[in-house]
Amino acid sequence: MEKICGLIDAPFTPFHANGDVNYDIIPAYAAMLARNGLKGVFINGSSGEGYMLTEQERMNLAEHWVEAARQVKTTEGEEFKVIVHVGSCCVRNSHALAEHAQSIGAWAVGAMASPFPKINRVEELVNYCAEIASGAPELPFYFYHIPAFNGAFLSMLDFLKAADESGRIPNLAGIKYTFESLYEFNRCRRYKDGKYDMLHGQDETILPCLGMVGATTEAQEAQGAQPVMLGGIGGTTNYNGAVLTGIIDAWRKGDKERARELQNFAQDVIDVICCFRGNIVGGKRIMKLIGYDLGPNRTPFQNMTDAEEALMRQKLEAIDFFNRCNK
């Protein structure tokens, strides 16, 4: 299976003021992400408030994103990928969403562990993923490891081994790894000489992961080195993607000081959104500040007030965010 090189964005779901999904903005949203260096989108996940959407809304969003992706190319002229998150508390719904994603031409599907009932054993997780992945047997399937959201603090290396040795998920492509253990991330990446695609899921640690995976520079490749690159899926890429993809670009040019400065700036931005209930709430409001009003968050998220928005703008101006953000 093809491995992802570069960064995929986890877009917010755009809503109108009345709470209905705003599908009309998706083409402009996709074009903005593409011109800022993103390679595609991972829709209906945590940033997209996927669990707060109806099944029909999730399918409609998938259709609109797939259609929008056909109209844009990456900055390298490649296909703009659409990965559809299909996880839910009902595995049959997830299976059906995977079937739908395959039928409309999505590039891949993925699923996080169900938040209820909590998955406590690796075997349970393999069973869960196998049933979902079988709904789209022709597409790559990614497990979305984000235990802070669902309490599935399981060994991902053990998961890969169990799935691999049993053969129960033949289309398993890898893991979207949104957890703090770079040690475990690397153990999974090295399993069977890199058989599975490990997608880094924390924008605040892209640079150390580049060093860990041994990503090649342009100069090394010019001397005959086999290209190696980090793949990742992030949320702050929605508005800070130019900076985050710039970390990878600087690394490839051999400019580690530039890469370090960009990573530090990315952490400054994350420090700001952490003051405003994180990326799903604070980050979504930033989109309004850069010209893409994606509407409110759905209940039970607590939306930002106008006073909070003004304070967040001040904090972002203090770090010169608006001269460096996605345009």
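The legends below accompany several close-up views of one predicted model.

Residues are numbered from 1 along each chain as its sequence is written, and side-chain values use heavy atoms, leaving out hydrogens and water. In this predicted model, local features need pLDDT of at least 70 and side-chain atom pairs count only at pLDDT 80 or more, while totals for chains, interfaces and linings use all residues.

**View 1. Helix 10 and its bend at V243**. Helices (H or I, at least four residues) and strands (E, at least two) are DSSP runs, numbered from the N terminus. Helix 10 covers residues 237–252, and its end C-alpha atoms are only 19 Å apart, whereas a straight helix of 16 residues would span 22 Å at 1.5 Å a residue. That expected span is 1.5 Å times one less than the number of residues. At V243 the helix bends by about 30°, the bend being the angle between axes fitted to the seven residues ending there and the seven starting there. Since 13 of its 16 residues are buried, helix 10 is largely enclosed by the rest of the structure. Here buried means under 20% relative accessible area, exposed over 50%, and partly exposed in between (1.4 Å probe, protein chains only). Just after helix 10 comes G254, with a positive phi of about 80°.

**View 2. An aromatic cluster around Y177**. Rings of Phe, Tyr and Trp (its six-membered ring) pair if their centres lie within 6.5 Å; planes under 30 degrees apart count as stacked, over 60 as edge-to-face and the rest as tilted. The structure holds nine such aromatic pairs. One of them is Y177 with F179, an edge-to-face pair at 6.3 Å centre to centre and 70° between the planes. Y177 counts as buried because its relative accessibility is 1%, whereas F179, at 22%, counts as partly exposed.

**View 3. Charges over rings at W251 and F265**. A charge sits over a ring if NZ of Lys or CZ of Arg is within 6 Å of the ring centre and within 35 degrees of the ring normal. K256 places its charged end over the ring of W251, 5.2 Å from the centre. R324 lies over the face of F265, at 4.2 Å from the ring centre.

View 4. Setting aside neighbours within four places in sequence, L210 is in contact (heavy atoms within 4.5 Å) with A215, M229, L230, I247, I248 and W251.

**View 5. Two cis peptide bonds**. One joins F116 and P117, with omega about -5°; P117 is in the loop between strand 4 (108–112) and helix 4. Another joins T299 and P300, with omega about 15°, and P300 is in the loop between helix 12 (278–289) and helix 13 (306–318).

**View 6. Positive phi at D193**. D193 is not a glycine, yet its phi is positive, about 55°. The residue lies in the loop between helix 7 (182–190) and strand 7 (197–200), and at 80% relative accessibility D193 counts as exposed.
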